Amino acid sequence: MLLDDAARLRAAAAFVREHESLTLLPLLLPGLHGPELESVAAHCRFAHAGLLLFPADAQDLRRRLADCGLAADTPSHPSVVVRERLARRHRRDAADLDVRILRPRVHGPAGERRAVEVFALTVPDGSDLEPIAAHERARGHEAHLAFELEHPDPLVLRGLCAVLTRHGARPDGGGYNPHEDGTVLYFTAPADATCGYRRLELYAPGDHRDALAAHLDQHPGANRPAETLLHLLTGAWTTQALAAFARLRLPDAMDTTAATGIRELARRTGTHPDGLATLLRYLTMLDVVTEDAEEQDGFRLTPLGCLLRADLPDSMRPLALMYAGPFYRSFAALEHTVRTGLPAFDHLFGENHFDHFARHPELADLFDRSMAASSRMFRPIPAHPVITAAAQAPAPMTVVDVAGGNGELLGHVLTAHPSLRGTLLERPHAVEAARRSLDAMGCGDRCDYRGGDFADVPHGGDVYVLSRVLHDWDDDRCREILRHCARAMPAHADLLIVERLLPTDGSPSLATAWDLHMRCNVGGRERSAEHYARLLEDAGLELRGRTSLPLEAHVLHARKVPGER
């Protein structure tokens, strides 16, 4: 690392220690003052100054950090956004650019926790990357000042973007970093900015790709439709790459802290070293694994990749195998669904997926485990007011889980509330699997099991649950299912429905993707809350409220209309 890199690092650290939002924003955006300045400063805090450095190796970077009084052991991870920006600017393959990001801590004037954001592009002596380093040092493209939203509300984010643009800041790219689960919006400061930095960053924790898309649309040259379409067309490769990763049990052979070399991984998993290296490089782009900067050909598992481990309680490995297996095959016949309105799965396999899985026990088991893989959406349900009220009743109350699968949800509820009893209704071939699951959770002795169909919904329960059931069916069948529930429910009983809800404003949603999936593979559909309210009304029920759940799901609360029998 050259002396000018060290000097820039010291200057950035000093700048962060000296400034605060209220005094810094007018230097960046002359003309921003008064109540508008106070409002902007109240919503975003000065978080860091950023710069791009060019160490010869990891040890060189640590030494320079220590020389500047910064923590040399600050952890790093890949920088997706800056790597792609450098690749575009210099017409290089992004895979050739090893860009890491780290944020050594410093303190502001009043002791506020801040950082210097260091992007480090490794440039060994004699490397063909030296011209890139020289150009970037001279131009300072990545040097910027960053402000973080205190409360990452989408409306606030859009409002701040509008204010910055009105005061002369120009949109200049950005991106979503899945490793951090954070969204970055870059701006170029006006020409009359007086703080010495020409770029401004807004950082919002979480996934705000809708706001990002609107921001990028304003950036000249940012629209690259051919590249975007190419990425979309190769989405099938991602599905199969993740499934191969899971099927080969690579996540179970890797560690999250220590890197494992390619040849050792190939030995552990019975794979070809060159083919394995190609797969892992691809998965690095997806943040499923990360290549270790200090160990050649060494890879570590990321938190995202950990979700595919077979031994994880909420492992998503079954989902990967299901989506890359029978559902992948049926999606290849999606055109049939679009042309006819009928499920492609039935067209391809000659029967609906329930009957097909029932005749193939290994697929039935995989399907049940794939449903359980989304059990993290169930975690808040035991705390739902309807459940807690039932648990606090003076007499024992019963929760009836209609089409309850392997009993995962009912098990969570019964485990959280020992005073409750449960009844699980499922297809006869699935009841034994549910019994084993609930016994393993330690609550099988408080549960009754019924083998049957929706017409067999048990009478006399206190809370009825339909979890991810209605989206399997068309409207007529949904009305029929809801009427069966309504006939079985006493007047005091509650009904909880767990589903994803289609947005009514066209905003991006998992429900929109699942709507296509349900139509293609099952013959069902996703619906809006208003649509469900109409179906409930047709069955003599009324929607009382709804609550958000993880994985973009919701729980709808319904009761019988007074006077209905």
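# A walk through a predicted protein model

Residues are numbered from 1 along each chain as its sequence is written, and side-chain values use heavy atoms, with hydrogens and water left out.

Let us begin with the whole protein. Its C-alpha atoms fill a box of roughly 80 × 60 × 50 Å along the principal axes. Of the 565 residues, 51% are buried, where buried means under 20% relative accessible area, exposed over 50% and partly exposed in between, using a 1.4 Å probe and protein chains only.

Now look inside. In soluble globular proteins, nonpolar side chains tend to be buried together. A nonpolar core is a set of buried Ala, Val, Leu, Ile, Met, Phe, Trp, Tyr and Cys residues joined through side-chain atoms within 4.5 Å. The largest one here has 48 residues, and those with the most contacts inside it are Leu-9, Val-116, Leu-145, Phe-147 and Leu-202. Which residues does Phe-147 contact, leaving aside its neighbours within four places in sequence? Among them are Leu-24, Leu-28, Phe-46, Leu-200 and Tyr-203, contact meaning heavy atoms within 4.5 Å. Apart from this core lies another, of 31 residues, including Leu-265, Ala-266, Val-289 and Phe-299.

An open sheet of three strands has the order E10-E12-E11, with antiparallel pairing; two strands pair if DSSP finds at least two bridges between them. Strands E10 (260–261) and E11 (289–291) stand at the edges with a single partner strand each, so one side of each has no neighbour in the sheet. Two bridges join E10 to E12 (residues 298–301), and Thr-260 stands opposite Phe-299 in E12.

Helix H13 lies across E11 and E12, running at about 105° to E11. Axes are lines fitted to C-alpha atoms, for helices over the stretch in contact, and angles run from 0 to 180 degrees between N-to-C directions. The axes of helix H10 (residues 235–247) and H13 (residues 273–285) come within 11 Å and cross at roughly 120°. On the H10 side, the contact is made by Trp-237, Thr-238, Ala-241, Leu-242 and Phe-245, and on the H13 side by Leu-279, Leu-280, Tyr-282 and Leu-283.

Finally, find the open sheet of seven strands, in the order E15-E14-E13-E16-E17-E19-E18, with mixed pairing. Strands E15 (447–451) and E18 (541–549) are at its edges, each with a single partner strand, so one side of each is left without a neighbour in the sheet. Neighbouring strands of this sheet are turned by 20° against each other on average, direction ignored. Seven bridges join the antiparallel strands E17 (residues 494–500) and E19 (residues 553–560), with Val-498 opposite Val-555 in E19. Helix H23 (residues 428–440) packs on the sheet, touching E14 (421–426) and E15. Helix H24 (residues 475–488) also packs on the sheet, and its direction makes about 165° with that of E16.

E18 and E19 pair in the antiparallel sense over eight bridges. In their hairpin, which has three residues between the strands, Leu-551 takes a positive phi near 60°.

Methods
This is a predicted model: local features need pLDDT of at least 70, side-chain atom pairs count only at pLDDT 80 or more; totals for chains, interfaces and linings use all residues. Helices (H or I, at least four residues) and strands (E, at least two) are DSSP runs, numbered from the N terminus.
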